[in-house]
Amino acid sequence: MARCVFCENELSAATKPEHILLNALGGRKTTRNAICSDCNNRFGGTVDDILAQQAAVVRNMLQLKSGTGNAPPMLRNLQAGQERININSDGQPVRLGQPFDIVRRHKSEPHSSTERQLKPYHGVRHLIPHLAAMLNLSEEKVREIIAASPATFISKRPDEIKHELRFGGEAMRSVTKSCLVLIAAALGSELVRTPAFAEARDFVLNGAEKFLQSRVGFDSRALPIEQAVRAKFGPFFNLIYVQSDANGRVIGHFTLLNAVAWQIVLAEAGGPPNLKLVLVSNPEDNAVWSDDASQISDVDMAWLETPQRSNAASLQRIEAIVAHHVKVEGAKAIDHIINQVRRRYAKDDEAIPPEQHDAFEHELADRLARHALALPYERELSPEEVAALAQPKSTQS
């Protein structure tokens, strides 16, 4: 019976399926013919998680689901100017901190002795129990106070957020594992257990520094076949490409979201000769993937042997991702503003009354201009709008 690539455990129909390309990266293809359930769990909580975390920012920016359809990861506790925010899995920023302030005023001041400053426009009704507890008032009394108080709607873009992207290190153990598992899935785990792959297996298991320095190379070049792959699998494809020469020198090339890539010498010699294996996927549409090597043109072995590191080329790839993110999310933000303003002048699919056209166009133009210039937009809420915010949800029409 076949055994695990990395230990002596036997593989069977009960073995937990291993994603060849990580599920977190959109991988769909699995195999029970490479790694036992114990090793699967071990790697999943260590090196695989490290690689997934390195891709988290890009996944959130591009809104890339996992292979099993889970939402992109949330980005937590980010610095945006003077504020801390989370970016939810849907890409929406959420300000951190207490959602309201209570400022105690001296009795001699002209305002009431307690000023409640509610920060969020949406979800005020959900804060009422907390306000009531802090003020030692009934919820009904808090609603009355809110309904009788002036309120201002303020909308603003978050200040600039700086992400630090780091790729490599311990994540290379996961990348190397994916290449070995691709071989095992196609040719059997016993082949990968041979001495030719011993150093690669040891690197995956123990993280040998010598292997990392001498057998793994960061490669900032575009693939010679990039345009053809993009045409079939989108601009942010994932690609695991394994090829060998006539002497059984086996090289893996792993492209992550077409943002970064690595070359791994899996076997110096003695591996299967003239091998070509491929697993390629479109993370924007996880149903689009292939392990059919005939769909991908050959990459010259001499090209695979000579990885190159260029900061300028790497930056160009990341800039392409950022530009795509800005274009897509910018369009979503504009649609949100248009719909938000429109709902103030008409319900659902109703037409805006002619007498409201000028007011609608003026407000919309103001909102869009301020959004484009990253300026806050402020508007005093009407008494009716304030009262509606405080109503229990069951009473909303």
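Which residues have the most contacts inside the largest nonpolar core? They are F6, V242 and F254, in a core of 66 residues. This is a predicted model, where local features need pLDDT of at least 70, side-chain atom pairs count only at pLDDT 80 or more, and totals for chains, interfaces and linings use all residues. Residues are numbered from 1 along each chain as its sequence is written, and side-chain values use heavy atoms, leaving out hydrogens and water.

**The cores**
- A nonpolar core here is a set of buried (under 20% relative accessible area, 1.4 Å probe, protein chains only) Ala, Val, Leu, Ile, Met, Phe, Trp, Tyr and Cys residues joined through side-chain atoms within 4.5 Å.
- Leaving aside neighbours within four places in sequence, F6 is in contact (heavy atoms within 4.5 Å) with I35, C39, F43, K177, L180, R201, V204 and L205.

**Where α6 meets α8**
- The axes of α6 and helix α8 (residues 198-206) come within 8 Å and cross at roughly 135 degrees.
- On the α6 side, M172, R173, T176, K177 and L180 meet A200, R201, F203, V204, L205 and N206 of α8.

**Positive phi values**
- N258, in the loop between β11 (250-256) and β12 (260-267), has a phi near 50 degrees, though not a glycine; N258 counts as buried, at 8% relative accessibility.
- A374, in the loop between α13 (357-372) and β15 (377-380), has a positive phi too, near 60 degrees.

How values were computed
Buried means under 20% relative accessible area, exposed over 50%, partly exposed in between (1.4 Å probe, protein chains only). Axes are lines fitted to C-alpha atoms, for helices over the stretch in contact, and angles run from 0 to 180 degrees between N-to-C directions. Helices (H or I, at least four residues) and strands (E, at least two) are DSSP runs, numbered from the N terminus.
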